[in-house]
Structures are given as C-alpha cells and as structure tokens.
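Trainee: I would like a close look at a single part of this model. Please take me through the packing inside it and the space beside it.

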Amino acid sequence: MMFRQSAKSFPLEIIEAATTISFMNAWNNYLWPRVILTKSTAQTMPMMISSLTSGYHTDYGMLMLAVFITTLPTAVVFFILQKNFAEGITGVIK
Amino acid sequence: MYAFLILCSVISIFPLLWMVIAATNRSVDVIAGKLTIGANLVQNYHNLMASQDVWHFFLNSGKYAVLTTVLSLLVSSLAGYAFEIYHDKIKDFLFMLILMTMMLPFVALMVPLFQMFSKARLFASVHFHAAADYDV
C-alpha cells in the first residue's frame with residue numbers, strides 16, 4: 001500500500017513534535033468548543049474552568065486545582081515525547 | 001549570561017509553581033499571595049467535584065484532543081509528503097493557497113464554520129467536532 005511506503009519515510013522525531021503541538025493546541029482550545037458545544041453536559045476542560053470563575057465569588061484554590069488537573073495530560077504527552085522534541089520542531093533529520 | 005538564563009527560567013517556572021501551591025491553599029490565602037504549601041488540597045478537591053462533573057468533561061476533552069490530533073496528523077502528513085515529493089507549478093500554487101489559509105485568524109472562519117455545522121446538524125456531539133477543528 002502506498003500509505004505504508006510513505007509512512008516509512010516520515011522521520012519519527014517530526015511526527016512526535018507535531019503530535020505534541022497538535023495535542024496541546026487541541027486540548028487547550030477554548031473558542032471553538034465553546035461555540036459549537038451547546039449542551040451543558042458536553043463541555044471540555046477549558047470551558048469548565050471559565051465557568052468556575054463566573055459566580056459571585058471565585059474559589060481560587062479550587063480553580064487552581066482544576067487548572068492543575070487540566071495541565072496534566074499535556075504535561076504527560078510532552079514528557080513522553082520530549083526526548084526528540086528539539087530536533088523534531090526544528091526539522092533536523094539525521 | 002547565565003544570570004539572564006536563570007531569570008528567564010524563573011519567570012517561566014514561577015506561574016506553574018504558583019498553580020501547584022495555590023491548589024493546596026484556601027481562596028483567601030491565594031489572594032493574599034501566600035507562597036507556601038497549605039493543607040486545603042482535599043477540601044478543594046471535594047468542592048471541585050461537588051460543583052462540576054470534572055471527569056466527564058476530562059473525558060470529553062480527551063476525545064476531542066485525541067481525535068483532532070490523529071486526524072490532523074494523518075491528513076497533514078500525507079498532504080505534506082505529497083507536496084514535498086511532487087512539484088509542479090499548479091501544486092506549488094496550491095501549497096501557497098493552503099499556507100495562506102493558515103494565516104487567516106480562526107475568528108474569521110468561525111461564523112462560516114458554525115453555519116456549516118448548523119446546516120449539517122452536528123451540534124453537541126464531541127466526535128464530529130474534531131474533524132472541523134482548524135488548529136492543525
């Protein structure tokens with residue numbers, strides 16, 4: 001299959017870097033999910049954080065815990081794929 | 001030289017550190033600028049779980065992010081490979097057009113995309129939204 005052949009020639013470092021950046025962008029994306037997800041049960045983490053600040057008073061300890069939980073997956077993805085990130089993002093192929 | 005680098009690292013690290021520390025403190029202490037680890041982590045956790053369906057939204061975010069990543073990587077890497085291997089005048093022009101769409105701010109595309117979605121009746125299901133996500 002043609003895809004199999006071309007996939008072999010993709011340098012893995014670049015794929016890893018692209019995964020990291022793409023995942024981070026998608027996970028942190030606020031505007032588009034906010035516009036398109038209209039049901040209150042279909043929310044993403046950034047939407048939930050913004051709804052935590054909208055009351056009469058904001059519990060900052062709770063808010064920061066929510067932010068911390070939201071940060072975890074991007075951090076995990078980054079640390080897993082971190083090894084070749086610098087080479088991948090600059091497009092250096094050995 | 002090293003002083004400058006250390007300064008930059010401190011500026012980068014400090015907000016993260018503050019986030020972790022603030023998650024263990026009461027709201028009053030966070031506003032007061034307390035920078036030591038407090039004892040309120042469990043209480044904060046209970047408050048958060050009581051006020052929001054956190055893990056459900058976490059799962060939503062996960063679906064959205066993973067689908068977006070997989071789809072955009074698949075499509076973009078194949079397109080990039082094709083543009084790199086096969087060059088001719090029309091393809092280079094097409095490549096330039098695609099680069100130009102990347103320069104457009106997402107806000108400008110939001111209303112047309114929203115109308116496309118409303119015509120296709122794709123609201124409120126996380127699975128379809130990854131396909132239209134613009135942040136490749």
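Mentor: What follows goes from the core to a pocket and ends at a loop residue. Keep in mind that the model is predicted.

Start with the largest nonpolar core, which has 29 residues. Those with the most contacts inside this core are A:Trp32, A:Met45, A:Met48, A:Leu52, A:Ala66 and B:Leu48. In chain A, the elements that give two or more residues to the core are helix H2 (12-28), helix H3 (31-36), helix H4 (45-52) and helix H5 (60-80); in chain B they are helix H4 (54-85) and helix H6 (106-120). H5(A) gives the most, with 6 residues.

Now take B:Leu48. Leaving aside residues up to four places away in sequence, B:Leu48 touches A:Met48, A:Leu52, A:Met62, A:Leu65, A:Ala66, A:Ile69 and B:Val54.

Next comes the second largest pocket, which holds about 320 Å³ of space. Its lining has 17 residues, and the closest to its centre are A:Thr71, A:Thr74, A:Ala75, A:Phe78 and A:Phe79. Two or more lining residues come from each of H2 and H5 of chain A and helix H1 (2-22) of chain B. H5(A) supplies the largest share of this lining, 8 residues. By type, the lining divides into 14 nonpolar, 3 polar and no charged residues.

Last, the loop between H4 and H5 of chain A contains A:Thr58. A:Thr58 counts as buried because its relative accessibility is 17%, and buried means under 20%. Not counting residues up to four places away in sequence, A:Thr58 touches A:Leu52, A:Thr53, A:Leu63 and B:Ser27.

Definitions and conventions: Residues numbered from 1 in each chain as written. Chains lettered and ligands numbered in written order. Predicted model: local features only at pLDDT ≥ 70, side-chain atom pairs only at ≥ 80, totals over all residues. Heavy atoms only, no water. Core = buried A, V, L, I, M, F, W, Y, C linked by side-chain atoms within 4.5 Å. Buried < 20%, exposed > 50% of the residue type's maximum accessible area, 1.4 Å probe, protein only. Helix = DSSP H or I, 4+ residues; strand = E, 2+ residues; numbered from the N terminus. Contact = heavy atoms within 4.5 Å. 1 Å grid on protein atoms, 1.4 Å probe; cavity = no way out; pocket = protein on both sides within 12 Å on 5 of 7 lines; lining within 4 Å. Points joined across faces, edges and corners; volume = space filled by probe spheres on them. Nonpolar A, V, L, I, M, F, W, Y, C, P; charged D, E, K, R; others polar.
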